[in-house]
Amino acid sequence: MRRAALVTGSSRGIGAAIAAALSEAGWAVCVNYIERADKAEELAARLRERGGEVITCQADVADRAAVDAMVARVEAELGPVSLLVNNAGVAKQQQFQDIDPATWQRLFAVNVNGCFHCSQAVLPHMLHEHAGQIVNVSSIWGSHGASCEAAYSATKHAIIGLTRSLSAELAPSGIRVNCVAPGVIDTDMVQVLGRETLEGLAGEIPLGRLGRPEEVARMVLALVENPYVTGQVITVDGGFVI
Ligand code: NAP
């Protein structure tokens with residue numbers, strides 16, 4: 001039987017590339033999304049054509065009850081979750097003074113509470129098995145600051161703190177917790193910046209271009225496949241924040 005992986009926010013972008021890489025590596029995968037059922041189904045169909053075992057599941061990771069129901073469904077249909085990738089995330093670029101409390105809270109609810117809810121939901125099985133792993137998706141703004149990114153950056157710093165503390169706590173239980181910190185990756189999330197800004201950013205990146213979702217997925221797979229790595233934050237950014 002294939003081991004089951006849950007990738008949050010995997011209908012599009014980086015999450016979709018991670019789900020595809022895991023499916024191709026032999027994992028049974030749950031593709032989670034919040035709105036874009038069309039994208040999730042499209043990806044699932046593509047992966048099933050290649051022999052993958054894939055289900056899709058709508059759930060807002062900010063909603064504890066929805067997360068618990070999703071994890072129960074994955075367990076029933078694919079088996080207990082052995083790998084959780086906390087990828088779902090939202091961003092909002094604006095000046096600190098303009099951030100309204102609802103926006104601040106939503107960024108924390110999805111980016112940070114989402115990791116909390118999903119990790120707690122999958123842990124009982126992992127603790128029982130004395131095995132399992134969690135990969136969190138932070139950002140270069142999780143270790144560096146940037147203008148107009150205060151709320152997003154604060155959430156991504158929190159994810160790195162969670163990764164390090166949880167890895168220390170869970171290593172004796174045989175569970176690994178790692179993190180990837182992407183730079184500017186060419187997905188829907190960064191399109192709000194506009195073409196001109198993105199071209200300018202590409203010019204500032206030592207490797208001279210934006211990253212591709214598949215390049216982040218390859219790093220996630222490398223972390224998943226290396227049994228002696230835990231508590232690490234690996235940057236995938238073309239040298240942007242050396
Ligand atoms: P994206 O293209 O905007 O895709 C976001 C994904 O998350 C979609 O699948 C979306 O589902 C899902 N999602 C959003 N809110 C959710 C919620 N509350 N519950 C469940 N799923 C939710 O984003 P991306 O660029 O691939 O980013 C993925 C992760 O990488 C995020 O954590 C982001 O912060 C991080 N990251 C991105 C970059 C970058 O440059 N792109 C850089 C560093 C870090 P729907 O399709 O249903 O809307």
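How do the residues of the lining of the largest pocket divide into nonpolar, polar and charged? They come out as 23 nonpolar, 13 polar and nine charged. For the classes, Ala, Val, Leu, Ile, Met, Phe, Trp, Tyr, Cys and Pro count as nonpolar, Asp, Glu, Lys and Arg as charged, and the others, Gly among them, as polar.

Okay, some ground rules. This is a predicted model, where local features need pLDDT of at least 70, side-chain atom pairs count only at pLDDT 80 or more, and totals for chains, interfaces and linings use all residues. Residues are numbered from 1 along each chain as its sequence is written, and side-chain values use heavy atoms, with hydrogens and water left out.

Back to that pocket. A pocket here, on a 1 Å grid over the protein atoms alone, is an open set of points where a 1.4 Å probe fits, with protein on both sides within 12 Å along at least five of seven lines, and lining residues have an atom within 4 Å of a point. The largest pocket has a volume of about 1100 Å³, volume being the space filled by probe spheres set on the points, which are joined across faces, edges and corners. It is lined by 45 residues, and Gly-89, Val-90, Ala-91, Thr-187 and Met-189 are the closest to its centre.

Around the ligand are 33 residues, with Ser-11, Glu-35, Arg-36, Tyr-152 and Thr-187 the closest; to count, a residue needs a heavy atom within 4 Å. H6 (188-191) is one of the helices in that shell, and H6 gives the largest share, three residues. Helices here are DSSP runs of H or I, at least four residues, numbered from the N terminus.

Now the polar contacts, pairs of N or O atoms within 3.5 Å. A polar side-chain atom of Thr-187 is 2.5 Å from a ligand oxygen, and one of Arg-12 is 2.7 Å from a ligand oxygen. Ile-14 uses a backbone N or O atom, 2.8 Å from an oxygen of the ligand. Taken alone, the ligand exposes 900 Å², and the protein buries 95% of that, by the Shrake-Rupley method with a 1.4 Å probe.

Last stop: the second largest pocket, with about 360 Å³ of space. H1 gives the largest share of its lining, six residues.

Notes: A polar contact is a pair of N or O atoms within 3.5 Å; within protein, one must be able to donate a hydrogen and the other to accept it, and residues adjacent in sequence count only if both atoms are side-chain atoms. Helices (H or I, at least four residues) and strands (E, at least two) are DSSP runs, numbered from the N terminus.
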